[in-house]
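Work through the following exercises with the sequence and the 3D view side by side. Try each task before you read its solution.

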Amino acid sequence: MSRSLVTLSSKSTLCDVAKKMSECKVSSVFLTIDGEAFTSDPNSGNQRIIGIVTQTDLVDVCVKDILASEVIADSVMSSVISIGEDAK
C-alpha cells in the first residue's frame with residue numbers, strides 16, 4: 001500500500017503545520033522548499049523534502065509558551081535521510 005506524503009512549505013508557521021496534521025489525521029508533515037507535493041519521480045520537477053515536523057516538535061514549542069503562529073516550521077524541523085527504492 002502506498003500513501004501520499006503530507007507536505008507544506010518550510011516557511012509555513014507551526015500553526016499551519018498543526019492544522020494540516022489535524023486535517024489529514026497524521027502525526028508529522030514533511031517540508032519542502034516551496035510546499036509543492038513531493039513525488040519520487042526525479043523528472044517531475046517537484047521539490048525535494050528538506051525536513052520533517054512532528055507532533056512532538058509542536059508540543060516542545062507549546063511547553064515553552066511560544067505562539068505557534070509566530071514560529072516558522074524550518075526553525076524546528078528535523079533533517080530527513082532517505083534511500084532509493086533499489087537500495088540494498
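**Exercise 1. How many bridges join β1 to strand β2, and in which direction do the two run?**

Before starting, note that this is a predicted model, in which local features need pLDDT of at least 70 and side-chain atom pairs count only at pLDDT 80 or more, while totals for chains, interfaces and linings use all residues. Residues are numbered from 1 along each chain as its sequence is written, and side-chain values use heavy atoms, with hydrogens and water left out.

Step 1. Find the elements, remembering that helices (H or I, at least four residues) and strands (E, at least two) are DSSP runs, numbered from the N terminus. The protein chain has two helices and three strands, and along the sequence they follow the pattern β-α-β-β-α.

Step 2. Look between β1 and β2, where β2 comprises residues 28-32: three bridges join these strands, and they run parallel. Two strands count as paired if DSSP finds at least two bridges between them. Within this pair, leucine 8 stands opposite leucine 31 in β2.

Step 3. Extend the view to the whole sheet, which is open, has the order β1-β2-β3 and shows mixed pairing. Its edge strands, each pairing on one side only, are β1 (7-9) and β3 (49-54).

**Exercise 2. Determine which residues of α1 are buried and which are exposed.**

Step 1. Apply the cut-offs: buried means under 20% relative accessible area, exposed over 50%, and partly exposed in between (1.4 Å probe, protein chains only).

Step 2. In α1, the residues Leu14, Val17 and Met21 are buried. Because they cover an arc of only 50 degrees around the axis, they lie on the same side of α1; the arc is that of the directions from the helix axis to the C-beta atoms.

Step 3. Turn to the other side of α1, where Ser22 and Glu23 are exposed.

Step 4. Ask what the buried residues of α1 pack against: the partners are β1, β2, β3 and α2, where contact means heavy atoms within 4.5 Å. Following α1 comes lysine 25, whose phi is positive, near 55 degrees.

**Exercise 3. Carry out the analysis of buried and exposed residues for α2.**

Step 1. The buried residues in α2 are Asp57, Leu58 and Val61. They cover an arc of only 100 degrees around the axis, so they are on the same side of α2.

Step 2. The face turned away from this buried side carries the exposed residues Thr56, Cys62 and Val63.

Step 3. The cover over the buried residues of α2 includes α1 and β3. Just after α2, aspartate 65 takes a positive phi of about 60 degrees.

**Exercise 4. Which residue forms a salt bridge with lysine 11, and which parts of the chain does the pair link?**

Step 1. A salt bridge is a side-chain nitrogen of Lys or Arg within 4 Å of a carboxyl oxygen of Asp or Glu, and the structure holds one.

Step 2. The partner of lysine 11 is aspartate 74, with the closest N and O atoms 2.6 Å apart.

Step 3. The pair links distant parts of the chain, since lysine 11 is in the loop between β1 and α1 (14-24), whereas aspartate 74 is in the segment after α2 (55-63), 63 residues apart.

Step 4. Compare both residues with the cut-offs: lysine 11 is exposed, with a relative accessible area of 55%, and aspartate 74 is partly exposed, with 27%.
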